[in-house]
Amino acid sequence: MSTYHPLTEQEAIDIARSIEAFFPADASLSCKEIGDGNLNLVFHIKDSVSGKSLILKQALPYAKVVGESWPLTLDRARIESEKLILEGKLAPGLVPQVYKYDPELALTVMEDLSDHVIMRRGLIEGNIYPLFADHISTFIANTLFFTSDLGMNQQQKKLQVKSFINPELCKITEDLIFDDPYTLSDNNNYEAAIEDAAAALRSNDELHLEVAILREKFLTNAQALLHGDLHTGSIFITKQSTKVIDPEFAFYGPIGFDIGAVYANLLMNYVAQAHWSKDEAAREAHRSYLLEMVVSIWNQFHDKFLALWEAHGVDRLANEAKGYKQYYMKRILQDAAGYTGAKMIRRIVGLSHVIDIDRIDDDAVRNSCQRQVLNIGTQLIIRNRSLQSIEELVDIVKSN
Ligand code: ADP
Ligand code: MG
Ligand code: MG
Ligand code: MG
């Protein structure tokens, strides 16, 4: 039973029942597999008597992509559960509680968040989330500061880097985000109607230089322990609550990468409102709301990160060197802009897309949104190293 194999629904129920002090003895459990089944199984287990419920997430030893199978390490289940537990300590209340991790089965048992909605869907429906900027800036500042050389023992940090080496999942990012969109690759996936815009990505030398620099930082800059896949499909949300899930891509990388993931997905939703908003007024309102959120996330992250640094900085020279804090924060902002652009471009021409854009049924509107995402993404990448403020990022979005 404990040797690795994909669980049946009955086995998932038996495991859920064995979680100590969770379900009452007379529980009547039912199970449904609710994952999209590409990389992982997600079982939802519910007791019809008490109404209590649990989630079991099990890694599959392969990824199903375009009809093929890529082998993929089960170690990512360890990385996911260890990262979730660490995030729960550093950013209390902003991730699901973990009840159990079973290494043999590559299985994490966690809190059921079905009373939340996936943020991507919520934004498509035009909902607003007044506490999101506060919550996500806390999540990013706390999880990244306290895993960086600024906020933890630097010898322990090296050991932590080692236990979060995640070569196979990093390679997915390195290939799909930082390589394929800029060359002819079988992994690319876009409509013939935007072939000219995709071809322009392949012949833009200025863009390639910046992508190579962003890629190098992703490969080498072990700045902090990232979530690694922080798009709006990895965020469960309500008006009052934010919960970040799915950190299987976690590894030590540049802080701007996590911020860029959030921004790219907010900005693709911004563009896609050309279709999703009911009318001009609703579109304007939703778009200004998203841009205010982008600014607020940066300003709050900046202030929270510096406050943590002030209170808990462990590196004497970094703490005291005049101008170093400004240098450090500006570099994060510039990296965030570059990674935002890279993550926008890959969702249009690369393997994996977002429903904000793909589900636009009007071909002309969809293709025009795709072009706009590529334009904004390209400008953000080309200008990342000279960017001086978050307002400049917003101006790039507005003028493209
Ligand atoms: P994957 O790594 O395969 O993308 P996710 O962790 O993103 O897996 O989960 C896939 C889907 O399963 C989510 O979009 C959500 O619908 C559901 N799910 C995952 N975790 C939970 C949870 N803790 N509570 C409720 N639903 C969840
Ligand atoms: Mg998925
Ligand atoms: Mg995942
Ligand atoms: Mg996911």
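This is a predicted model: local features need pLDDT of at least 70, side-chain atom pairs count only at pLDDT 80 or more; totals for chains, interfaces and linings use all residues.
Local features need pLDDT of at least 70 and side-chain atom pairs count only at pLDDT 80 or more, while totals for chains, interfaces and linings use all residues. Residues are numbered from 1 along each chain as its sequence is written, and chains are lettered from A and ligands numbered from 1 in the order in which they are written.

Me: Which residues come nearest to ligand 1?
Reply: A residue is near a molecule if its C-beta atom, placed from the backbone, lies within 6 Å of it. There are 18 residues around ligand 1. Those that come nearest are Asn 40, Val 42, Ile 55, Leu 113 and Asp 246.

Me: How do the residues of the shell around ligand 1 divide into nonpolar, polar and charged?
Reply: Ala, Val, Leu, Ile, Met, Phe, Trp, Tyr, Cys and Pro count as nonpolar, Asp, Glu, Lys and Arg as charged, and the others, Gly among them, as polar. On that basis the shell has nine nonpolar, four polar and five charged residues.

Me: Which strands each supply at least two residues of the shell around ligand 1?
Reply: Strands (E, at least two residues) and helices (H or I, at least four) are DSSP runs, numbered from the N terminus. The strands in question are S2 (40–47), S3 (53–59) and S7.

Me: Is Glu 111 buried, exposed or partly exposed?
Reply: UniProt, in an unreviewed entry, lists Glu 111 under "binding site"; its positions are given in the numbering used here, feature names are shortened, and annotations may be inferred rather than shown by experiment. A residue is buried if 20 or more other C-beta atoms, placed from the backbone, lie within 10 Å of its own, exposed if 12 or fewer, and partly exposed in between. Glu 111 is found in strand S7 (residues 107–111). Because Glu 111 has 17 C-beta neighbours inside 10 Å, it counts as partly exposed.

Me: Why does Pro 247 count as buried?
Reply: Pro 247 is also among the "binding site" positions in the UniProt entry. Pro 247 is found in the loop between strand S11 (242–244) and strand S12 (251–253). Pro 247 counts as buried because its C-beta neighbours inside 10 Å number 26.

Me: What is the phi of Ala 106, and where is the residue placed?
Reply: Most residues other than glycine have a negative phi. Ala 106 is not a glycine, yet its phi is positive, at about 55°. Its place is the loop between strand S6 (98–102) and S7.
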